[in-house]
Amino acid sequence: MNWMDNHRKIFKTDKPIIGCVHLAALPGTPHYDSTSTLREQVARAKREIRALQDAGFDAIVFANEGDRPYLSKVGPEVIACYTRIVSQALDAVEIPYGCGVLVDPYAAISIAKAIDAQFIRAYISGVYADMCGLTQYHPGDIMRFRRNIHAENVNIYCYCDAHGGTSLDTRSQSDMADTAFSVLDPAGVLVPGQHAGLAPDFSEVEQIKNRFQDRPIMIASGVTPNNIKEALRISDGMVVGTFVKKDGILWNEVDPERAKRFIDAAKG
């Protein structure tokens with residue numbers, strides 16, 4: 001099976017529109033609300049899942065977006081609570097799903113194995129400087145970890161450039177993707193903007209896709225009803241978070257009306 005066939009097998013479509021289910025801040029993180037129970041978090045996750053499914057999204061990805069500022073190695077309390085919340089919300093899921101843990105690929109792979117997620121989105125290589133500090137990823141260790149816990153069926157969609165920071169690798173994102181595809185064998189590459197809600201340079205996305213026509217290239221942020229048609233033309237799918245939230249604020253719950261408006265623009 002080639003990489004594009006694998007992409008279609010995961011998402012049941014050529015160009016998946018993946019909606020984000022962002023968990024509220026988890027125990028031990030700065031914005032955690034100790035008056036909110038994990039049962040309430042499960043209920044919130046189910047509301048977001050249903051809103052995205054009812055709108056017509058092709059897949060969902062869970063993430064601990066509320067845990068800002070992020071750690072490259074999260075604690076066991078985060079992994080435990082994340083896994084509980086998602087596991088108890090999965091009975092509402094009827095479409096393909098994945099997960100991400102900001103910004104810990106070991107945790108993402110571990111949770112994906114525990115919840116039978118088909119994919120993760122993660123950094124697995126590179127050195128980045130941003131507001132969370134200096135973060136370094138060792139792909140040899142990460143890929144061996146995935147092998148050692150027998151999680152080879154967890155498809156990794158990886159970033160090759162910083163999503164809100166600076167990569168110490170000064171090559172073009174296209175050249176970094178070339179190395180990733182030749183050495184790391186990711187399921188696909190995510191092209192991010194400089195922060196949540198900001199789109200990447202679409203001309204760069206198109207250039208990367210033209211160079212790697214046999215590999216999935218997805219847009220990681222900033223797609224809205226105003227640019228969705230162009231995004232679909234130049235890429236193999238996208239992850240949508242900020243736009244579908246109430247008032248377009250990342251930390252808010254998914255707004256069913258905004259989610260429906262997005263899909264109407266994409267598929268109308």
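**Ground rules.** I worked from a predicted model, where local features need pLDDT of at least 70, side-chain atom pairs count only at pLDDT 80 or more, and totals for chains, interfaces and linings use all residues. Residues are numbered from 1 along each chain as its sequence is written, and side-chain values use heavy atoms, with hydrogens and water left out.

**Entry 1: strand β7.** I looked up burial along β7, residues 155–159. Helices (H or I, at least four residues) and strands (E, at least two) are DSSP runs, numbered from the N terminus. Buried means under 20% relative accessible area, with a 1.4 Å probe and protein chains only. I found 5 of the 5 residues of β7 buried, so the strand is largely enclosed by the rest of the structure.

**Entry 2: the neighbours of β7.** I checked pairing next; two strands pair if DSSP finds at least two bridges between them. β4 (residues 119–122) pairs with β7 in the parallel sense, over 4 bridges. F119 has N155 of β7 as its bridge partner. β9 (residues 188–191) also runs parallel to β7, joined by 3 bridges. There, L190 of β9 stands opposite Y159.

**Entry 3: the cavity.** I searched on a 1 Å grid over the protein atoms alone, where a cavity is a set of points that a 1.4 Å probe fits but cannot leave, and lining residues have an atom within 4 Å of a point. Grid points are joined across faces, edges and corners, and a volume is the space filled by probe spheres set on the points. I found 1 cavity of 30 Å³ or more. β1 (17–22) and α2 (38–55) each give two or more residues. α2 gives the most, with 4.

**Entry 4: the pocket.** A pocket is an open set with protein on both sides within 12 Å along at least five of seven lines. The largest pocket has a volume of about 790 Å³. It is lined by 40 residues, and E65, Y70, L102, H163 and A196 are the closest to its centre. Elements giving two or more lining residues include β4, the partner of β7, and α4 (105–115).

Note on methods:
Buried < 20%, exposed > 50% of the residue type's maximum accessible area, 1.4 Å probe, protein only.
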